[in-house]
Amino acid sequence: MKKKDMIVIFVVAIAIISSILVNRSLNSSPASTVQIYVGDKLYKELPINKDTTITLDNSGKNIIKIHNNGVEMIEANCPDQVCIKTGFISKPGQSIVCLPHKVNVKIVGESSESDNDIEVK
């Protein structure tokens, strides 16, 4: 390898590393709340940093546990158990969904000016 090749490789590596660091810093809004929807309606909004267990007895049974700055579905009597298999989530934008019982658990970060991806005026 020539000296110029080494310089090009070094510059490209620095550019990749800096873009990764910038992307992480921009997308690392801390999670602040857990929103639980039953059907299309907001059932409860709870802080993510307070340990809580919620039992839902709507069309089926779901037990949601908030702990360690995250949330997981620890019990459900739905046939497919996809909500249980989702496991522990802790980042804004992640969610746990139980389709048979119409339960959606979302983690929401600190809101900026707008929660919309695109705003049309």
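Reply: Happy to! Let's begin with His101, which sits in the loop between strand S6 (95–98) and strand S7 (103–109). Keep in mind that this is a predicted model.

Me: Why is His101 called buried?

Reply: The relative accessibility of His101 is 6%. Buried means under 20%, so His101 counts as buried.

Me: What makes the pair of His101 and Asn77 a polar contact?

Reply: The two side chains come to 3.3 Å of each other. The limit for such a pair of N or O atoms is 3.5 Å, so the side chains of His101 and Asn77 make a polar contact. Beyond the neighbours within four places in sequence, His101 is also in contact with other residues, including Asn58, Gly60, Lys61 and Cys78.

**The salt bridge**

Me: How many salt bridges does the structure hold, and what makes the pair of Lys61 and Glu75 one?

Reply: The structure holds one salt bridge. The closest N and O atoms of Lys61 and Glu75 are 3.9 Å apart; the cut-off is 4 Å, so the pair counts. It links distant parts of the chain, with Lys61 in strand S4 and Glu75 in strand S5, 14 residues apart.

Me: Why are Lys61 and Glu75 called partly exposed?

Reply: Lys61 has 31% relative accessibility and Glu75 has 38%. Buried is under 20% and exposed is over 50%, with partly exposed in between, so Lys61 is partly exposed, and so is Glu75.

Me: Why is Asn68 called exposed?

Reply: Asn68 shows 60% relative accessibility. The label needs over 50%, so Asn68 counts as exposed.

Me: Where is Gln81, and why is Gln81 called partly exposed?

Reply: Gln81 is in the loop between S5 and helix H2 (82–86). Its phi is near 60°, a positive value in a residue other than glycine.

**Cysteines and core**

Me: How do you know that Cys78 is in no disulfide?

Reply: A search of the whole structure finds zero disulfides. For Cys78, the nearest cysteine sulfur, that of Cys98, is 3.7 Å away. A disulfide needs sulfur atoms within 2.5 Å, so Cys78 is in none. Cys83 is in none either: the nearest cysteine sulfur, that of Cys78, is 3.8 Å away.

Me: Are Cys78 and Cys83 buried or exposed?

Reply: Cys78 has a relative accessible area of 4% and Cys83 has 1%. Buried means under 20%, so Cys78 is buried, and so is Cys83.

Me: Which residues have the most contacts inside the largest nonpolar core?

Reply: They are Ile36, Ile64, Val71 and Val105, in a core of 19 residues. Strands S1 (31–38), S3 (52–57), S4, S5, S6 and S7 each supply at least two residues of this core. Leaving out residues up to four places away in sequence, Ile36 touches Ile64 and Val105, among others.

Note on methods
Residues numbered from 1 in each chain as written. Predicted model: local features only at pLDDT ≥ 70, side-chain atom pairs only at ≥ 80, totals over all residues. Heavy atoms only, no water. Helix = DSSP H or I, 4+ residues; strand = E, 2+ residues; numbered from the N terminus. Buried < 20%, exposed > 50% of the residue type's maximum accessible area, 1.4 Å probe, protein only. Polar contact = N/O pair within 3.5 Å; in protein donor to acceptor, adjacent residues only side chain to side chain. Contact = heavy atoms within 4.5 Å. Core = buried A, V, L, I, M, F, W, Y, C linked by side-chain atoms within 4.5 Å. Salt bridge = Lys/Arg side-chain N within 4 Å of Asp/Glu carboxyl O.
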